[in-house]
Amino acid sequence: MIRWAIIFLVVGLVLALFGFGGIGGAFIGIAKLLFFVAIAIFVILLVLGLMAGKGVKNAID
């Protein structure tokens, strides 16, 4: 998902460079949204992974 965010960011910057500011801004907005969604998913999976690791450790001990 980070890859898509970077792609949208680059396309938005290129569009803005060529004078298509409206659609370039839209692409950059999509890139921001994808970036924050990816970060949120990462944090959720990190917390779940840490909780699962503790559960496995407690089951082994």
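Leaving aside residues up to four places away in sequence, G12 touches G24, F27 and I28, where contact means heavy atoms within 4.5 Å. That is a handy place to start on this predicted model, in which local features need pLDDT of at least 70, side-chain atom pairs count only at pLDDT 80 or more, and totals for chains, interfaces and linings use all residues. Residues are numbered from 1 along each chain as its sequence is written, and side-chain values use heavy atoms, with hydrogens and water left out.

G12 sits in helix α1; helices here are DSSP runs of H or I with at least four residues, strands are runs of E with at least two, and both are numbered from the N terminus. G12 counts as buried because its relative accessibility is 0%, the cut-offs being under 20% relative accessible area for buried, over 50% for exposed and anything in between for partly exposed (1.4 Å probe, protein chains only). The C-alpha atoms of G12 and F27 are separated by 4.8 Å, although the two are 15 residues apart along the chain. V11, also in helix α1, is partly exposed, because its relative accessibility is 33%.

Zooming out, the protein chain has two helices and zero strands. Of its 61 residues, 13% count as buried.

Helix α1 itself has 16 residues and reaches 22 Å from first C-alpha to last, close to the 22 Å expected at 1.5 Å a residue (the expected span is 1.5 Å times one less than the number of residues). Its buried residues are A5, F8, G12 and L15. Seen down the axis of α1, these buried residues fall within an arc of 95°, so they line one face of the helix; the arc is that of the directions from the helix axis to the C-beta atoms. On the face turned away from the buried side, α1 carries the exposed residues R3 and L17. After α1 comes G19, whose phi is positive, near 100°.

F8 belongs to α1, which covers residues 2-17. Not counting residues up to four places away in sequence, F8 touches F27, I30, A31 and L34. F8 and I28, 20 residues apart in sequence, are 6.3 Å apart in space, C-alpha to C-alpha.

Now for the rings. A search of the whole structure turns up three aromatic pairs, a pair being rings of Phe, Tyr or Trp (its six-membered ring) with centres within 6.5 Å; planes under 30 degrees apart count as stacked, over 60 as edge-to-face and the rest as tilted. W4 and F8 make a tilted pair, 6.4 Å centre to centre with 45° between the planes. Both lie in helix α1, four residues apart, or about one turn of the helix. F35 and F36, in turn, form an edge-to-face pair, with 5.4 Å centre to centre and 70° between the planes. F35 is partly exposed because its relative accessible area is 39%, whereas F36, at 54%, is exposed. W4 is exposed as well, with a relative accessible area of 52%. Ring pairs also link W4, F8 and F27 into a cluster.
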